[in-house]
Amino acid sequence: MMRIGELAARAGVTVKAVRYYERLGLVEPAREANGYRSFTEDHLRAVAEIRQLSEIGISPLRAAPFIECLDTGHEHSDQCVSSLAVYRDTIVELDRMIAALSSRRQILQERLDQGAGRSFEKETTMTDYTTLPDGLPVPEDDSAADHLPGQRMPQLELPVSDGGTVDLAGLGTGRTVIYLYPLTGQPGVDLPEGWDAIPGARGCSTEACDFRDHFEDLRRAGAQRVFGLSSQDPAYQQEVVERLRLPFAMISDDALALADALRLPTFSAPGHDRLYARLTLIVGDGRIEHVFYPIFPPNAHAQQVLDWLIQAKSEETEL
């Protein structure tokens, strides 16, 4: 004789499961004088059989024919016709489930193939402006920015993508990074014809993303402010700020007033008489302290600026 805990442990089930089988009438223990359940080896065999049936998909609710078969003295629980009937019914139900699952799988596969096909068509018809294609021409240094270091920033108040304005002559104390770029591409909007063949033209979105990803590093290295600047209007630039999740604002100079004031390098492209050449200014206390020009590749440029800031900060500390 054994108590319920021992039975459960030997049969590999929980005490709760044994009580459930008892409620279903599958096992009927004797009661001792003190009220405790008392189980036999036959009960152990029955509980183990119920567990094995559950493992192959036959619920305890349908296990009664198998236990009755054992109770009649058979060595195996499926030696009775009633047990075999449960096998057959369960197989029919499984076949029905398999057919339903196969149908669902087929539908899912078809929808997956259709969706993947549509995505491929979209990818092949739209340009990804956040990556750089191979083989872009490398811009050469034409000395067009050699005169800039040491010059004061002009008195220009220009609109910013966040709706405000910025005075380039009054940026404040500390260093400001202003990276100038020609124009950013937008999804569904074609870039000027032959854009990739113009040295230094392609890569504005990748450059913006690089400055985004290094923004906190640039601030820690001493950049009090970071701006992008182009001739695109504030609304166009605000779309870029939101789409690329940029933590800084873009300055709009649609008349290229800064280019005229500082004699900055520009170039033309189909549909655009003048665009800013890619160039970055480090401004300190109102003066241009350092210039990066030409810039290539643009998607690694923020790291170049960061390296310069760290070196400058180190040299200042030594002094």
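User: How many salt bridges does the structure hold?

Analyst: There are 15 of them. Bear in mind that this is a predicted model, where local features need pLDDT of at least 70, side-chain atom pairs count only at pLDDT 80 or more, and totals for chains, interfaces and linings use all residues. Residues are numbered from 1 along each chain as its sequence is written, and side-chain values use heavy atoms, with hydrogens and water left out.

User: What makes E6 and R10 a salt bridge?

Analyst: The term asks for a side-chain nitrogen of Lys or Arg within 4 Å of a carboxyl oxygen of Asp or Glu. As a general rule, side chains of opposite charge can pair when their charged atoms come close.

User: How far apart do E6 and R10 sit in helix α1?

Analyst: They are 4 residues apart in α1 (residues 4–11), which means about one helical turn between them. Helices here are DSSP runs of H or I with at least four residues, strands are runs of E with at least two, and both are numbered from the N terminus. E6 and R10 also belong to a network of salt bridges together with E41.

User: Why is E6 called partly exposed?

Analyst: Because its relative accessible area is 40%, and the scale runs like this: buried is under 20%, exposed is over 50%, and partly exposed is in between (1.4 Å probe, protein chains only). R10 comes out partly exposed too, at 46%.

User: What about R278 and E207: how do you know that they form a salt bridge?

Analyst: Their N to O value is 2.6 Å, so it meets the cut-off. This pair links distant parts of the chain: R278 is in the loop between β9 (272–276) and β10 (279–284), while E207 is in helix α6, 71 residues away.

User: Are R278 and E207 buried or exposed?

Analyst: Buried: R278 has 4% relative accessibility and E207 has 0%.

User: Why is the contact between R202 and D196 called a polar contact?

Analyst: A polar contact is a pair of N or O atoms within 3.5 Å; within protein, one must be able to donate a hydrogen and the other to accept it, and residues adjacent in sequence count only if both atoms are side-chain atoms. The side chains of R202 and D196 are joined at 2.8 Å, so they qualify. R202 is in the loop between β5 (175–180) and α6 (204–213), and at 9% relative accessibility it's buried.

User: What makes E28, D42, E68 and D71 a patch of negative charge?

Analyst: Patches are made of residues with over 30% relative accessible area and no salt bridge, with like charges joined within 9 Å and nonpolar side chains (Val, Leu, Ile, Met, Phe, Trp, Tyr) within 5 Å. Asp and Glu count as negative, Lys and Arg as positive, while His and the chain ends are not counted. The charge is placed at NZ of Lys, CZ of Arg, CG of Asp or CD of Glu. E28, D42, E68 and D71 gather in such a patch on the surface.

User: Which residues form the nonpolar patch?

Analyst: Y20, L24 and L61, with about 270 Å² of accessible area together. Those areas come from the Shrake-Rupley method with a 1.4 Å probe, and for residues only the protein chains shown count as cover. L24 is partly exposed at 34%, so it passes the over 30% condition.

User: What stands out about the backbone at Y293 and P294?

Analyst: A cis peptide bond joins Y293 and P294, with omega about -10°. F296 and P297 are joined by a cis bond as well, omega about -5°. Most residues other than glycine have a negative phi, and most peptide bonds are trans.

User: What is the phi of S143, and of R245?

Analyst: Near 65° for S143 and near 55° for R245, each a positive value in a residue other than glycine. S143 is partly exposed at 42%, and R245 is exposed at 62%.
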